[in-house]
Amino acid sequence: MVQISEELIIVVSQYKTVQYTKVLLESLGIDKIPFTTLIVFDGTPPHKRGILNGYWDISIQLEEQVQSIPELFNLMFGAAKLTGAKYMLWAGSDMIFRQGSLASMYDLIQQGWDIVSPVKIDKDQGLFEQYEPTFDKPIPIIGFNDSTAMFRLDKMPFYPFDPVYGPYQFEVSALGFKLWQMGLKSVVDSNAVVLHYVNKDVEHTPDMQADSVNWDKKRDHFLTTNGEAGKWYCENAIMDDSWVPVFGFPCYVGPKAE
């Protein structure tokens, strides 16, 4: 087990997005919350890795890019658990956290929540800068932000993602169901907001982009293997987009989330 001094670990992977990763980590550092940084260099050319020198405490340097998102994410989550950290912020490389967001999420997860999601704003810089919290308290949900969230690591499986959903799409939705079935308590922190540039972390990976057309097939596999509970989750926490304008991602808000 790797020994670290901080109870929060930031875990991010990137391929050719080193500049985005740098901006991400700089935005997280603004809140002055102590954290350990783990970067997975997913086939990043050696000459580009140097741009992030000084930005990581632990690195995993893969010489060839992983061609399956579930396998890459499993590596990230498993490595984070091995450090002995209590909490993990999992983030795509192509986003910025607004000042105060990390501190707010960290405070919430220390209060006993298992998963804390920030509000996500895709591409709209102006909306991100003008964002004002919609709620004055945390909102219990079923599901979580599909691009970034904070997790209580002792509640998480070592390899939580199902490789059957590789190389790309539906793996996060399937995990949301799995964690709900395990009894993990999820919440949206409306005081935390991220600007997401969208798909910068996979735009250089044609196999993953091409697999996006198989979303329906993966949904059908999910439905046939998860019974009535899976059907309910698909209809209410994946397909119902009524909360997307508020939170930036689909989820269920209601009595079952309390």
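Author: In helix 4, the buried residues are Ser101, Leu102, Ser104, Met105, Tyr106, Leu108 and Ile109. The model is a predicted one. Helix 4 spans residues 101–110 and is mostly covered. Of its 10 residues, 7 are buried. Just after helix 4 comes Gly112. Gly112 takes a positive phi of about 120°.

Now the cysteines. How many disulfides does the structure hold? The count is 0. Take Cys234. The cysteine sulfur closest to its own sulfur is in Cys251, 14 Å away, and that is too far for a bond. A disulfide needs the two sulfur atoms within 2.5 Å. Seen from Cys251, the closest cysteine sulfur is in Cys234, again at 14 Å and too far for a bond. Are these two cysteines buried or exposed? Cys234 counts as buried because its relative accessibility is 4%. Cys251 has a relative accessibility of 1%, so Cys251 counts as buried. The cut-off for buried is under 20% relative accessible area.

Next, the surface. Leu82, Phe158 and Tyr159 form a nonpolar patch there. Together, these residues have about 310 Å² of accessible area. Where does Tyr159 lie? Tyr159 is in the loop between strand 8 and helix 6. Strand 8 covers 148–152, and helix 6 covers 171–181. Tyr159 has 53% relative accessibility, so Tyr159 counts as exposed. The cut-off for exposed is over 50%.

Technical notes
Residues numbered from 1 in each chain as written. Predicted model: local features only at pLDDT ≥ 70, side-chain atom pairs only at ≥ 80, totals over all residues. Heavy atoms only, no water. Patch = residues over 30% accessible without salt bridge, like charges linked within 9 Å, V, L, I, M, F, W, Y side chains within 5 Å. Areas by Shrake-Rupley, 256 points an atom, 1.4 Å probe, with all protein chains shown as cover. Salt bridge = Lys/Arg side-chain N within 4 Å of Asp/Glu carboxyl O. Helix = DSSP H or I, 4+ residues; strand = E, 2+ residues; numbered from the N terminus. Buried < 20%, exposed > 50% of the residue type's maximum accessible area, 1.4 Å probe, protein only.
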